[in-house]
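The stops below are given in the order in which to select them.

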Amino acid sequence: MEPLKVGLIGLGTVASGVASVLNKNQVDITRRITRTPIIEKVFVRTLERDNPYQLNLTTNIDEIIHNHDIDIVIELIGGIEPALTYIKTALANGKSVITANKELIAIHGNELLQLAADNDVFLRFEASVAGGIPILKVLREGLAANSIDSVMGIINGTSNYILTEMSDKGADFAECLKEAQALGYAEADPTFDIKGIDAAHKLTILASSAFGIPLDFKALHIEGIDTITKEDIKISHQEGFAIKHLGIARHSEQGVELRVQPTLVPLTHAFANVNGVLNGLFIQGNAVGEQFLSGRGAGSEATASAIIADLIEIIHNEKAQYSAPALGYKVNNLSPLPILPKPAFSSNYYLSFKYLENTDTQAVSMQLESLASKTLNAPFEIKLYKENQRVIILCEKTIEESVEKLLNNAMLIEGIEETKLIRIEKF
Ligand code: HSE
């Protein structure tokens, strides 16, 4: 059987998963592609390291990206440089590349896809979004007949773990973040997780595939979970909602909304049951209706599952002399849509107004109610949570500009020390 020689860049958790899955499923994978996958060489920074699969290690990247014997390169070091240079070189040398690098694809994906097309090779990145869940394959193939109305997801496992722990234990954000770091869930720089940047990288890729638009990371509105308190979670729960960190890409007549944010979701919706480090995705297509996927969004073998599926698909496509585009549209056919700015977002809202101790709560509530009636342009409910020193307004669908007006004016009311907006998805 002709060997399929793979070069790995990096030997961390995910790369070890690739070695492990190729090992344990070698017979089946060989049957699928009629070639035997072999990890020919692995680029590492130092040879002084564990090597449980006894792979052939090198500290010279040229032995991978300039090696005529290697058919496919798998990049798993993450970050922009040197990964960008390595991938560009491999593509220019006629090698197909698979990567799990969401940051790189979100920021340099257009250029890299063009380079792959120019060199008639494949660039695949299924593992970059939601780890083991094959969402890009679903969008580009299974749902290709649809015009996608929206795709939403819990796409950062660390944030989901922290919010789940805060909710289950009534614990503080800082305490749960420490736990997530100790368990090894957070990115090397945890601000990428808790400030929503990692999820934004992933949503950039999802939106591009869902709507056939160029990758445009800068178009996103990004909020992380670091502003959420245990009081927000408790009050939301009493109102029938869980707080989840969602990436939302929605296409309406007005344009496209691209936002990554903490979101109130009904306790009865499937998202509310995606807990811990799991990921979940909800897709609305204009022919198929609603679909929901959930599973492992990170981890060694789950991520390897997506990477090796890419590898198998590349071989099938090569055999068929077919170049399926990674995002479902050829790079030249990606075309931009108007992206709505934040004031034009349309949503239901949970608005929280924290007041100082010894405030006349009746007076504050009355002033807020009067202000809300003038500014919100939508029905709303107002509630007093005395034990949490908060007035809460739950507002039906309106334009964010109206909500911003209310929040700005509310700060002028005597006794109010803090305002907060969390968007609600009612589905
Ligand atoms: N830090 C990421 C997460 C890893 O928590 O989802 C997977 O991309």
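**A tour by selection**

Start at Pro82, which sits in the loop between β4 (72-75) and α4 (83-92). Bear in mind throughout that this is a predicted model. Show the backbone of Glu81 together with Pro82: the peptide bond joining the two is cis, with omega at about 10°.

Next, select Ala130, in the loop that runs between β6 (123-124) and α6 (135-142). Ala130 counts as buried because its relative accessibility is 0%, under the 20% cut-off.

Now go to the ligand and display its surroundings. The residues around the ligand are Lys102, Asn156, Gly157, Thr158, Tyr185, Glu187, Asp193, Asp198, Lys202, Gly297 and Ala298. Sorted by class, this shell consists of five charged, four polar and two nonpolar residues.

- Thr158: a polar side-chain atom is 2.6 Å from an oxygen atom of the ligand.
- Gly157: here a backbone N or O atom lies 2.8 Å from an oxygen atom of the ligand.
- Asp193: a polar side-chain atom is placed 2.9 Å from a nitrogen atom of the ligand.

How much of the ligand's accessible area does the protein cover? On its own the ligand has 250 Å² of accessible area, and the protein covers 88% of that. Switch to a surface view of the protein and hide the ligand: the space that the ligand takes is the largest pocket. Then colour α7 (157-169) and α10 (197-211), the elements that give two or more residues to the shell around the ligand.

Move on to helix α13 (residues 361-375) and pick Thr375, which lies in it. Draw a distance from the side chain of Thr375 to the backbone oxygen of Leu371; the side chain reaches that oxygen at 2.8 Å. Is Thr375 buried or exposed? Its relative accessibility is 10%, so Thr375 counts as buried.

The last stop is Phe427, in the segment after β16 (416-424). Phe427 is not a glycine, yet its phi is positive, at about 65°. With a relative accessibility of 36%, Phe427 counts as partly exposed, because that class covers values between the 20% limit for buried and the 50% limit for exposed.

Conventions:
Residues are numbered from 1 along each chain as its sequence is written. This is a predicted model: local features need pLDDT of at least 70, side-chain atom pairs count only at pLDDT 80 or more; totals for chains, interfaces and linings use all residues. Side-chain values use heavy atoms; hydrogens and water are left out. A residue is near a molecule or strand if one of its heavy atoms lies within 4 Å of it. A polar contact is a pair of N or O atoms within 3.5 Å; within protein, one must be able to donate a hydrogen and the other to accept it, and residues adjacent in sequence count only if both atoms are side-chain atoms. Accessible areas come from the Shrake-Rupley method with a 1.4 Å probe; for residues, only the protein chains shown count as cover. On a 1 Å grid over the protein atoms alone, a cavity is a set of points where a 1.4 Å probe fits but cannot get out, and a pocket is an open set with protein on both sides within 12 Å along at least five of seven lines; lining residues have an atom within 4 Å of a point. A molecule sits in a cavity or pocket if more than half of its atoms lie within 2 Å of its grid points. Helices (H or I, at least four residues) and strands (E, at least two) are DSSP runs, numbered from the N terminus. Ala, Val, Leu, Ile, Met, Phe, Trp, Tyr, Cys and Pro count as nonpolar, Asp, Glu, Lys and Arg as charged, and the others, Gly among them, as polar. Buried means under 20% relative accessible area, exposed over 50%, partly exposed in between (1.4 Å probe, protein chains only).
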